[in-house]
Amino acid sequence: MRTNPLRAGTRNLLCFGIAALLFAAPLVYLFLQAFKTFTGFLQDPTGLPHPWTLENFGAAWTQGDFGRQMLNSLVYAVVPDTVTLILGVFLAFPVSRGYFRRSNAVYAFFVFSGFLPGGLIPLFIEAQALGLYNSMPGYLILTSLSGAGFFFFVGYIKGIPREIDEAAALDGCGYVRFIFTIIIPQMKPALATFAIFGFVHAWNNLILPLVMLSDQKLWPVTRGLYSFFGEHTQNWPLIAAGTFIVAAPILLLFVALQRHLVEGVAGGAAFGTQGVAVPAEPGEAR
Amino acid sequence: MAAGPFGTRRTRRLIPWASIAIPGIGWLLFGLYPSLATVGYSFTQYSGLPGTPLNVCGLCNYTAAFTSLSAQVWESLQVTLVYVVGVTVLQNVAGLGLALLLNRPGRSYTVYRALIFMPQIFSVAVVGAVFALILDPFTGPAATAWKALFGSTTAFLGDSSLALPLVMLVNIWMFAGYSMLIYIAGLRNIPKPVYEAAALDGAGRWRAFLHVTWPLLAPATTVNVFLTAMGALGEYALILVLTGGNFGTKTLGLYMFESAFGGNSQLGYGSMLAMLQFLLTLAIGGTLLFTLRRREIQL
Amino acid sequence: MRTFLPVAAAITLTLAGCTTGGSTAAPGAAATTLTVAQWTNAGAIEFTKQLNAKFEKAHPGVTVKLQSTGTANGAWAQLANSLLQAKSVDVLARFAPTQAAFPPESTGIQPSGVAALITAGQLTDLKNQPFMKNYDAATQAAAVGHKGGVYGVMAASYAAAGAIWYKKDLLAQHGISVPATFQEFLDACATFKKAGKTPIFLSGKVGMQGGIWQGIENQLLMKGREPAESVDVSAERAKAFWDGTQKWTDPVYKEIGARYAKVMQYVEPAASGVDQQTAPGVWAVKTDDYPFLVDGSWDGLTIQQANPKLNLGFFVLPGTDDAAANRVAFKPDLTWVVPASAPHKDLAMQWLAMFSEPDNYRQWLRLTGSLSAQPQVQNTGLPWMDWLDAHTAGSFTQLTPPWTPPGAPLDASGPDFYKLAPIGPDSLETILSRSAAAYAKSAGH
C-alpha cells in the first residue's frame, strides 16, 4: 500500500470536524433550545441557554400525554416491523430462487406496482369497510400485511448459495423451518438494516395514524406531538423538548444497531435494483 | 425450474405459492387496490369528500394539464429537473468523498459514520424545525455567519435565488450518509490485489482512483444514482416544511400535494398529477437503470 | 328473574370488556360520546375544552371528544375527511366557504370543499335553529348560506386584510397617532425611517405581505358602497371576470400595486425569510424598533404570550386617501357545521346552543381575538381591541376572489405575492399579466 498523504491524526480531526460540525451540530442546536426558558429563548435565540432549565421536558411530557402514546408507538412500530420483515423473506425467497412459474413476471409486477402512486382516501374507505378503522388490531393488520424489503431481499438471497436448499430438503427439513432456521440467520445484516428503516418509518408515520385512529387512547406519539406543535406554535424550547422526547427511542435503536448498517447496506449493494423504497404517497409525511 | 426442492411431490408446486400468498394478498388489498383507485380517480371530476358527486370525464384532467395548467406544470417540471439533477450529482459527490475519507477501521470512525448517517432517522417535521431555527434571518446562527462573511443580511429560504439551493443542501445533509454507506460497501468489495497491481504499474493516487476505484465502484454508483434520483423525484414533504413550495421550489411532487390538499383541492386533479409524477418516475428511473447497467458492463 | 338480571348485567359487562376500542358499548348503559373536531389554534382549543367540560356537566352521561390537529402538511384536511367518511363527527369546524364557492351553474364550475358538501346535501341546514337568532343573519348567509339555507355557524371572523399590530408606546414616543389615511400611514413610516427604525415587520415566508395588497384592494373597491353590499360587489366582480370584461391587468389593480409598492419599501428587507412561527415573538420582544407588524387579528394571544408587558394596539391599514372609505374588512373564518351523517344531531344542536350563549361566546372572542358575529356581544374588553371596537360600524365582509374552476392555478385568483417584487423577483407588470393569462385560460376565454 502507498503511504497515506493525510497523516492519521489530521484525517481523524478532519472527519471529526465534518461529522460534528456539518452533520451533528444542527440537531444539537435544536436540542440546546430545549434547555432554555421561553423568555430566555426570545432574548437570546442563538446563544447557550441561560439559565438552563429542565422544565420543558417535564411540561412536554405531561401536557402531551406522551407516556401512553409512547407505548402505542412501540406496538405500532415493533409488530408491523417484525411481521413485514418475516413476510418479506417469505415473499422474496421463492421469487429470488425462481421456484414457481412466471416468477420473473411476479417480480416485475411487484417492482412496477411499487412505483404507482398511493391513495389514502381509497385506502381509508377500504379499511373502514373491512372494520379496521379505529382499532389497534385493525391498524396492525393494515400495516403488517405487506412484504417490506422485498426488492432488497431478492438481491440479498441471490448471494446465498442455492445448494443449501437442496441439502436441507434432502435432510427432510420443512420449508417454514428452513426459512426460519437457515435463511433468516443468513440474512441478519440485511434484516437489521431493514428493521431500522422500518422502525423509523413506522415511528415517524403521521398521516396514517391520523386518519385511521380517532380515539385518543390509540394514538401513537407522533400524533400527539403534532397536536402539541399546533398548541404551542412559537414556544420553541417546548417544541424542541417534545421533539426530542419523541425522537429518543429511534435514537437509542439507532445507536444499538448502527454497527450492522454498513454490512446490511453492503449486502444489498451487490444487486442493482435493491431497496427501492415505495414512493411516498400523497400526504404521507415521513 | 418450476418448483423448489421442498415438500412431497404433491405439495412441491404449492409451497412457493403459499409462501407468497399472505404478503401478496396484503399487497393487493392495501397497496395495489388504493393505487388503482387513484388511477381511476384521475379520470374523474371528484372533490374526494363523501357523498359528493363523482363525474367520470375521461381525459379532462389530463387535457387541463396541457391547457389551463400548462404554465404551472411546466414550471414545476423545470424545478423538479433542477432539483433531481442537482441533488443526485451533489449527494453522490458528497457520499463518495465521505466514503473515501471515512472508510477506515477504528472506533472513532464508526462514531463519525453514525453521526453522518443520523439525520435521516428524524422525521421531516423535525428536520424542518431544525432548519427553520437555523435559517431564520433574525434569530438564526446562519444569519450571524452570513453577516460576518458578507457584511449583509439575507432572507435565506425566503430568497428566490437561495431557496432552491438551500432546500437541496438540506436534502443532501439528510441523506448523504446513506450514499456514503453504499460507497463504503462498494469500496470494501474491491479486492486489495487490484490496488497493488496498480501501484506496481506506477499509478499515482489520482490515476489509481480514476482507473481502478471509480470503474470498480460502478455497481455502487448505479445503486446510489438510481436511489438518489428516485428519492429526490418523490420528495415533497421536506420542501413543504422548509418553504411551502414558495420562492421557486415548487416541484411536481409538491404541486401534486397542493392540488390534493390545498384550499381549492380536487381529488381528480391531484390524482392526475400523481399519475404524471408516476410516468416521470418511470421514464427517469427506466432510462437511468438502462444507461447505468450498460455503463457497468462496459467498464 | 330477580337473580337473573345482575348475572346478565355481569355477563354484558364482561363481554363489553372484551371488545377493543369500546366501539360496541351496551346501549343506554355506557356514556354517549359527542365528537367535536377543529383544527389546532391555541386559543380556540382552550375555549373548546372549557366548553366541553361545561357541556358534560350540564348533560350527565355525555362525554365530549375533541379531535384536533394542525393545518400544516394537509393533516387537518385528512383528519376532517376521514371523520366525515367514518360518519363519526357531530360538530366539525370548517373554513367559511363564502358565496365565491357557489358560482352560478352556467359557469359549469363544480363546487369543491364545504360548498361541495352543501350542494350534495351532506350538511344540516341550521337556519331554523333557535341559537341562530343570536347571530347576524346577513353575515351568516354571506359566509355559509346557499339557496336560502344556512349550513353552519360562522363563529369566528378576523380582520386579515391590511391588519396591522402596533406598539402604542413607540408611536407615542415619536408623536404619531394611528393614521387615518394612506398618506398619513406613509408619513408615519417615513418619520420612523428617519429616526433610524425599520417601520414594518412581517412573516414573508407565509405570504403575510398579501394582507397589505388585500387591505388596499378591499377599501378601493368598496369605496362609496354600503357595507351590506360587499357580497354584491364580489359577485359583480366575479361575473365581470368570468365574462372577460374585467381583467387583472385593469388600471385599478395597477393602482393597488403602486400603493402596495409604496408600503413595501418600509418593510424589513429580510422579512421574506421570516416564519410565521417566529415573527410575532421576534416583533413583540423588540420594543424599540419595528412599530408595525402585518398580521391578522387572530394573533393577539400569541403576541401577548411572547411579551406580556407590551402595550399592544391594532388597526387596519388605511388604503385610500379618504378616511371615510378606510373601513375594516373582516374575513369569515371558523364555521361550525353539523354533517348530515352526525350520530348525535340533537346533542350537536345543544352544544352549538351552549356555544352561542352570549357569556360563552364572549369568552370565545376573548380567547381567539375574533371579531363578533353576534350583534349583542360587541365589546370584549380586550385592550388592543379599542380601535376595532370604535370602527365596527362601517365594517364589511371581505371581498372574495373571482370564480375559478377547482384545480385552477393560484395565479388565476390574484397576484402571487411570493413572486411580486420586492419580496420576489417579478415586476408588477409581469405578475398582473401572468394572473390575467392564467385566469383567461381557466375561464376558457
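These notebook entries record what I looked up in a predicted model of a complex.

**Entry 1: confidence.** I began with the scores for the whole complex. The predictor assigns an ipTM of 0.87 and a pTM of 0.89. I then turned to chain C, where the average pLDDT is 90 and 93% of the residues score at least 70.

**Entry 2: the form of chain B.** I counted the elements of chain B and found 13 helices and two strands. The radius of gyration of chain B is 24 Å, whereas the globule rule gives 19 Å for 299 residues; chain B is therefore more spread out than a compact globule. Along the principal axes, its C-alpha atoms fill a box of roughly 80 × 75 × 35 Å. I next looked up burial, and 53% of the 299 residues in chain B are buried. Of the contacts in chain B with a separation of 6 or more, 66% are between residues 24 or more positions apart.

**Entry 3: where chain B meets chain A.** I asked how many residues each chain brings to the contact. Chain B supplies 83 residues and chain A supplies 75. On the side of chain B that touches chain A, helix H1 (residues 14–41) of chain B gives the most, with 18 residues. By class, I recorded 59 nonpolar, 21 polar and three charged residues on this side of chain B.

**Entry 4: annotated segments of chain A.** I consulted the UniProt record, an unreviewed entry, for the feature "transmembrane region". The record places this feature at several stretches of chain A, including residues 178–203 and 236–257. In the model, residues 178–203 of chain A are 96% helix and 0% strand, with the end C-alpha atoms 31 Å apart. Residues 236–257 of chain A are 100% helix and 0% strand, and their end C-alpha atoms are 31 Å apart.

**Entry 5: a sheet in chain C.** I traced an open sheet of three strands in chain C, in the order E7-E12-E14 and with mixed pairing. Which strands stand at the edges? They are E7 (157–159) and E14 (396–397) of chain C; each has a single partner strand, so one side of each lacks a neighbour in the sheet. Strands E7 and E12 (residues 329–332) of chain C run antiparallel and are joined by three bridges. I noted one pair by name: C:Ser157 has C:Pro332 in E12(C) as its bridge partner.

Terms used: Residues numbered from 1 in each chain as written. Chains lettered and ligands numbered in written order. Predicted model: local features only at pLDDT ≥ 70, side-chain atom pairs only at ≥ 80, totals over all residues. Helix = DSSP H or I, 4+ residues; strand = E, 2+ residues; numbered from the N terminus. Rg over C-alpha atoms; globule rule 2.2 N^0.38 Å. Buried ≥ 20, exposed ≤ 12 C-beta atoms within 10 Å, placed from the backbone. Contact = placed C-beta atoms within 7 Å. Pairing = 2+ DSSP bridges. Nonpolar A, V, L, I, M, F, W, Y, C, P; charged D, E, K, R; others polar. UniProt positions renumbered as here; feature names shortened; annotations may be inferred. pLDDT = per-residue confidence, 0-100.
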